[in-house]
Amino acid sequence: MENLIEIQDVVKRFGEQTVLDHVSLSVTPGKIYGIIGRNGSGKTVLFKSICGFVLPDAGKILVRGKQVGKDVDIPQGIGIIIEHPGFLRDYSGFQNLKLLARLQKKITDEKIKESIRLVGLDPEDKKKVGKFSLGMRQRLGIAQAIMESPDILILDEPMNGLDKHGVEDMRKLLVQLKEEGTTILVASHNPLDIEILCDEVYEMDAGAITKVH
Amino acid sequence: MLRSMCNNFRKWKSSYRVFIVFLSVLVFTFIREDYLRQYAQDVGLAVTPYFFAFQMDDGITRMLFYFGVVLLFCNAPFMDDQQMFVLVRTGRLRWFAGQLAYIVAANLVYFLWTALTTVLVLIPQVGFSTDWGGIIRMCAENNGLAGVVMHKEIVEAYTPLAACLITYGLNVLVGTLLGLVVFLGNMLGSRIYGSAVAIGWIVFSNMIDVVRLPKLRVLSPLHWTTTYAYLRSDDAVPLWYILAVEIAIILVTGFIIMKKSKTYTLDAIESGL
């Protein structure tokens, strides 16, 4: 099967610090890939590199066969949550997502509402995002990532701030999305999330990646 | 591109920084026009809403208002957690083009506000007319009267609307120029780099008047915003030079920013919330 994402010997340095140290990884469609590692191990930079926010100093990243930074600047069809999901604090959850959806005009209001419902929020809720709890913002972040039905999801600590039920809901949602054919990359501190969800697990340490199982 | 630009404006509502900038302009203009307001009250005449044409002729006003410009754009290239969601949908080039468009549009709004405040703070002494009106003519005849500098030559040679529009246009151009300098500086160095360069340039511009070296006005964008820019006098910097240099710097910095945008590391520098 052709690889959806191909990371080939990628190196990234910020000043003297090597944050990605000859990282190679192949991602095939329809699986969930887990990446574990301590803070500062390079997970977030790896995700940002796949999205094209950070370009490698050496090596290359191919998404759907196109090299990031050369053939394509930001690969399309990727849903992301990287670090903390940020929203416009004076707008409701639905308004925030609608403003983002209007950038591509690919989906209807109904689809946005459906995504909000899927993560357990109320799309008719007029509450401003500035008043949301961390867990609600995280849920909205996930709704934002999935609303345009991307075939790749990149989720950096998606369970942050979620309560026990929220974590279970999200696990179910991610498994459902996988069954629908979405390829998912998840980074998490929690080994249990990774254990339950992922088909392949990698560990990052000081910028280097190794396969766990 | 326009949607990416509008996204930045939506953050103004919850930005203390932007609120402080706009409030400072209002407060400073209120203080600065106090004498004019008092004078109009004493002589019992209304002031026409065209003081804005001369607003930047005062060195302190220029400096403070352009510090405001730097404060507006100090977080360029405006990357935060929320922008990641925008960026992943627009791509780099459209996103960067949107940020540049934002700098122009934000200057249009900022200087519209500075113009508006010159009228707001004169209420209830404002009277609308297509002419300069008695108070401004009196002040122009007696330069420095009521604590404000107004040039007789401008009042004689230009209609108030024309003078206000030229002043507005020149300020938007210089604001855009400084905004782009902040943007490029922040991209090339750390986040503070662009602001430091722009503040240095503003202070240098003001020092020209302090040390009385008018010839250096050719290097001082702040002086290109005053009525001196279109005052037909021998020692004034020619308007053609001002426009040519402003447009050239804007185009060159814009071009470099777009070129650098292809490889620039897009990292959130502040929280979107």
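Mentor: We can start with helix 10 of chain B, residues 191-210, which has 20 residues and reaches 30 Å from its first C-alpha to its last. Please keep in mind throughout that this is a predicted model.

Trainee: How do you know which face of helix 10 of chain B the buried residues line?

Mentor: The buried residues of helix 10 of chain B are B:Gly194, B:Ser195, B:Ala198, B:Ile202, B:Ser205, B:Asn206 and B:Ile208. Seen down the axis of helix 10 of chain B, they fall within an arc of 150°, and therefore they line one face of the helix. As background, an α-helix has 3.6 residues a turn, so residues three or four places apart point the same way. The face of helix 10 of chain B turned away from the buried side carries the exposed residues B:Ile192 and B:Val210.

Trainee: What should helix 9 of chain B span, and how far apart are its end C-alpha atoms?

Mentor: Helix 9 of chain B, residues 160-188, has 29 residues, which at 1.5 Å a residue should span 42 Å; the end C-alpha atoms are 42 Å apart, so the two values agree. Helix 9 of chain B is also mostly covered, since 22 of its 29 residues are buried.

Trainee: Turning to the rings, why is the pair of A:Phe87 and B:Phe85 called tilted?

Mentor: There are 21 aromatic pairs over all chains. In the pair of A:Phe87 and B:Phe85 the centres are 5.4 Å apart and the planes make 45°. A:Phe87 lies in the loop between strand 6 and helix 2 of chain A, whereas B:Phe85 lies in helix 5 of chain B, so the pair joins two chains. Both A:Phe87 and B:Phe85 are buried.

Trainee: What makes the pair of B:Phe73 and B:Phe78 edge-to-face?

Mentor: For B:Phe73 and B:Phe78 the centres are 6.4 Å apart, within the 6.5 Å limit, and the planes stand at 70°, which is over 60 and therefore edge-to-face. B:Phe73 has a relative accessible area of 0% and B:Phe78 has 6%; buried means under 20%, so both labels follow.

Trainee: What sets A:Lys105 and A:Glu157 apart in accessibility, buried or exposed?

Mentor: A:Lys105 has 60% relative accessibility, over the 50% that exposed requires, and so counts as exposed. A:Glu157 has a relative accessible area of 10%, under 20%, and so is buried. Phi is positive in A:Lys105, near 50°, and in A:Glu157, about 50°, although neither is a glycine. A:Lys105 is found in the loop between helix 2 and helix 3 of chain A, and A:Glu157 in the loop between strand 7 and helix 5 of chain A.

Trainee: Why are strand 2 and strand 5 of chain A called edge strands?

Mentor: Four strands of chain A form an open sheet in the order 2-1-4-5, with antiparallel pairing, and strand 2 and strand 5 of chain A each pair on one side only. Strand 1 and strand 4 of chain A pair over five bridges, where at least two are needed; in strand 4 of chain A, A:Val63 is the bridge partner of A:Ile5.

Terms used. Residues are numbered from 1 along each chain as its sequence is written. Chains are lettered from A and ligands numbered from 1 in the order in which they are written. This is a predicted model: local features need pLDDT of at least 70, side-chain atom pairs count only at pLDDT 80 or more; totals for chains, interfaces and linings use all residues. Side-chain values use heavy atoms; hydrogens and water are left out. Rings of Phe, Tyr and Trp (its six-membered ring) pair if their centres lie within 6.5 Å; planes under 30 degrees apart count as stacked, over 60 as edge-to-face and the rest as tilted. Buried means under 20% relative accessible area, exposed over 50%, partly exposed in between (1.4 Å probe, protein chains only). The expected span of a helix is 1.5 Å times one less than its number of residues. The arc is that of the directions from the helix axis to the C-beta atoms.
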